[in-house]
Amino acid sequence: MTVSARRAPARFPAVFYVATPLLAALLTLAVVEASLVHFAPVPFASEHNLYYQADPVTGYRHRPHSQGRYARSLGVINAHGHRDDETSRAKPPGVVRILALGDSFTAGANVDQDEPWPQVLEHLLRSRIDPRIEVINAGVGGWNPLQYAAEYEHRGRDFDPDLVVLGFFVGNDSYLEHRSVDEVRTAVHGRRVDRATADGVSLGLRIATYERSHLVRLLLNGGRLVPRANDLAIAGEPRDGGRWSDDFLDLVARRLPRNHGAATPERRARMAPVAGHLERIRQLAVERGEPLFVLLIPDEVQVNAGLATHLREHLTRDSSTADRVADLDLDMPQAMLHEMLGGEGLQIVDPLAAFRADPRRLFMNDTHWTPAGHRLAAEIVFDALRAEIESALAVSFS
């Protein structure tokens, strides 16, 4: 009787023991990514919206002929780097042209392509005065007065505007820390980055994966889903509804004492560089006979009494910040800007009172205007510009 030999267990190649868990991990990641895509998509954070390129004049600018997506809207950039329709650099005969400079309020963060205040202003001017009026939207998110002045001097004047409107957001533009364009952010792979990190080896890979993967965005956003469109602008919600994201409240709380403290010699000195950049634009505009209008874009805390009360209570409860609310003045810094700005060819357009009187929800949950806010601003600018526009038309067609 023979006894059959016991068969030795099959041995897998060594690579099997490495590849199996690796493939399992990759499959798990793919399932998680697919689940996020279909059930909980993670859109770009507000900092990762349009596409940018490095620029020696302003640090960075919109990449011409590009597209990008905000949390609730698409941004299309023309050949000149403007979020606007295509237009010629040379002004056509008989056209009256307005150049709009500014930051993300002017570019129109999170509103549709035809909803930023410069586009709405153009529609109002064409429908109410004359169809041969152009408004060029040269706003770029994150720019400050130093960059407004550089853009106007080196590129804006090439469009031969008849007048200039500068959207000045008091929440960011009032106090300037940068002394030259070499200190502002630049752009890498379409994204705005600090210059200190622009040469990092891993930066390009991080940006590329951030753009393409919901899972990577979730991880790099600290495990938080970016607010969706319905959280950014809630139709019909009253202004004082009290629905604000934690990130938004933290942002506004940080800048509340800095921007809205009482007028003091120290604050006036800190605002002097900003006034200097605006004066530079005014002088350049006067040389060319282009009137300058400065639209003072209010901060939501100045308009929304419910938000102001909430933040005051929050800061007062914290012993480390209680002293920071003692000298708050919600009419600042507009009051000081009225004192510091002036001169031939410069007119201030201050919509603060009109925004306070309007009961609608004019701001999103990300500091920017809703379409209603843009419309109100455009109406106010229209009223301020009307006489100048009609005068320019009379000259153009005489």
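Predicted model: local features only at pLDDT ≥ 70, side-chain atom pairs only at ≥ 80, totals over all residues.
Start with the inside. In soluble globular proteins, nonpolar side chains tend to be buried together. Here, the largest nonpolar core is made up of 41 residues, and Y152, L166, F168 and I281 have the most contacts inside it. Two or more residues come from each of β5 (96–101), α4 (145–154), β7 (163–169), α10 (265–287), β10 (292–297) and α13 (334–340). The top contributor is α10, which supplies seven residues. For a closer look, take Y152: setting aside neighbours within four places in sequence, its contacts are L99, L101, R157, V164, I281, L284, A285, R288 and E290. There is also another core, apart from this one, with 35 residues, including L121, I297, V349 and I380.

Now for the backbone. Most residues other than glycine have a negative phi, and most peptide bonds are trans. A few places in this model go the other way. The peptide bond from M332 to P333 is cis, its omega being near 5°, and P333 sits in the loop between α12 (305–317) and α13.

D160 belongs to the loop between α4 and β7, while T367 is found in the loop between α14 (352–357) and α15 (371–396). Are they buried or exposed? D160 has a relative accessible area of 36%, so it counts as partly exposed. T367 comes in at 6%, so it counts as buried, because the cut-off for buried is under 20%.

Key: Residues numbered from 1 in each chain as written. Heavy atoms only, no water. Core = buried A, V, L, I, M, F, W, Y, C linked by side-chain atoms within 4.5 Å. Buried < 20%, exposed > 50% of the residue type's maximum accessible area, 1.4 Å probe, protein only. Helix = DSSP H or I, 4+ residues; strand = E, 2+ residues; numbered from the N terminus. Contact = heavy atoms within 4.5 Å.
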